[in-house]
Amino acid sequence: MTDSPAPLIVVSGPSGVGKTTVVDRLLAGTNLPLRRAVTATTREPREGETDGVDYHFWGEGEFRTAIDSGHMLEWAVVFGRDFYGPPRSEVDPPRARGVGVVLVIDVQGAQRVRELLPNDHLSAFIEPPSLEELEARLRGRKDTPEERVRRRLAAARDELAQADRFHHRIVNRDLADAVRELEHVIRNYSNR
């Protein structure tokens with residue numbers, strides 16, 4: 001038995017690539033002791049999202065207070081607009097209890113985790129089969145204004161260029177295959 005905490009798994013990739021869907025399907029179908037950290041954000045909830053389940057929807061003041069008091073593992077302002085980041089309360093207590101934590105975060109957040117915990121995480125980059133497919137997924141959301149779609153596609157090009165900084169790359173061409181591949185990667189990491 002070891003005193004080291006359960007694994008921290010960072011899953012990242014461009015907006016619209018299906019990171020959360022891959023992770024949620026994995027968690028629903030695995031016997032691995034894992035949970036997804038619920039990220040805090042200042043953005044407005046999308047239709048069907050539940051506070052405390054999909055995200056912690058906080059006001060900017062609440063988010064800034066959490067930053068100032070050291071309660072955020074990492075955080076960033078995304079697209080110059082909204083704050084995002086996992087609260088430490090979503091990461092540290094479960095890991096101490098032996099439950100691995102999956103962070104579904106953007107590439108900027110993953111870089112920050114690499115800096116903070118260089119030897120204490122596993123990272124996987126979820127990538128689209130092509131930029132055209134990613135664009136189709138973003139446009140298929142129907143709730144994203146055109147200006148945001150263009151901004152996210154521009155950001156995706158930069159993020160895809162950073163994919164080699166992650167321990168593993170998984171192409172989300174087929175959801176079931178991507179889920180199986182992520183589970184395989186996590187099992188191998190957990191059994192080391």
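The model is predicted: local features need pLDDT of at least 70, side-chain atom pairs count only at pLDDT 80 or more, and totals for chains, interfaces and linings use all residues. Residues are numbered from 1 along each chain as its sequence is written, and side-chain values use heavy atoms, with hydrogens and water left out. The protein chain has seven helices and nine strands. Its largest pocket holds about 1,200 Å³ of space.

**Overall fold**

- Helices (H or I, at least four residues) and strands (E, at least two) are DSSP runs, numbered from the N terminus.
- The radius of gyration of the protein chain is 16 Å, which agrees with the value near 16 Å for a compact globule of 192 residues. This radius is taken over C-alpha atoms, and the globule rule is 2.2 Å times the number of residues to the power 0.38.
- Along the principal axes, the C-alpha atoms fill a box of roughly 50 × 40 × 30 Å.
- Of the 192 residues, 45% are buried. Buried means under 20% relative accessible area, exposed over 50%, and partly exposed in between (1.4 Å probe, protein chains only).
- Among contacts (heavy atoms within 4.5 Å) with a separation of 6 or more, 66% join residues 24 or more positions apart.

**Largest pocket**

- The largest pocket has a volume of about 1,200 Å³. Of its 50 lining residues, the closest to the centre are Ser15, Arg43, Arg46, Tyr55 and Arg141.
- Two or more lining residues come from each of α1 (19-29), β5 (76-78), β6 (82-85), α4 (107-116) and α6. Helix α6 gives the largest share, six residues.
- The lining divides into 17 nonpolar, 13 polar and 20 charged residues. Ala, Val, Leu, Ile, Met, Phe, Trp, Tyr, Cys and Pro count as nonpolar, Asp, Glu, Lys and Arg as charged, and the others, Gly among them, as polar.
- On a 1 Å grid over the protein atoms alone, a pocket is an open set of points where a 1.4 Å probe fits, with protein on both sides within 12 Å along at least five of seven lines; lining residues have an atom within 4 Å of a point. Grid points are joined across faces, edges and corners, and a volume is the space filled by probe spheres set on the points.

**Salt bridges**

- The structure holds 17 salt bridges, each a side-chain nitrogen of Lys or Arg within 4 Å of a carboxyl oxygen of Asp or Glu.
- Asp24 and Arg36 pair at 3.1 Å, N to O. Asp24 lies in helix α1 and Arg36 in strand β2 (residues 34-36), so the pair ties together parts 12 residues apart in sequence. Asp24 is partly exposed at 34%; Arg36 is buried at 14%.
- Glu49 bridges to Arg43, with the closest N and O atoms 2.8 Å apart. Arg43 is buried, at 7% relative accessibility.
- Glu60 bridges to Arg64, also with the closest N and O atoms 2.8 Å apart. The two are four residues apart in helix α2 (residues 60-68), about one helical turn. Glu60 is partly exposed at 41%, and Arg64 is partly exposed at 42%.
- Glu135, Arg139, Glu146 and Arg150 form a salt-bridge network.

**Glu159**

- Glu159 sits in helix α6 (residues 146-160). It is buried, with a relative accessible area of 14%.
- Leaving aside neighbours within four places in sequence, Glu159 contacts Gly13, Pro14, Ser15, Val107 and Phe125.
- Glu159 and Pro14 are 145 residues apart along the chain, yet their C-alpha atoms are separated by 6.3 Å.
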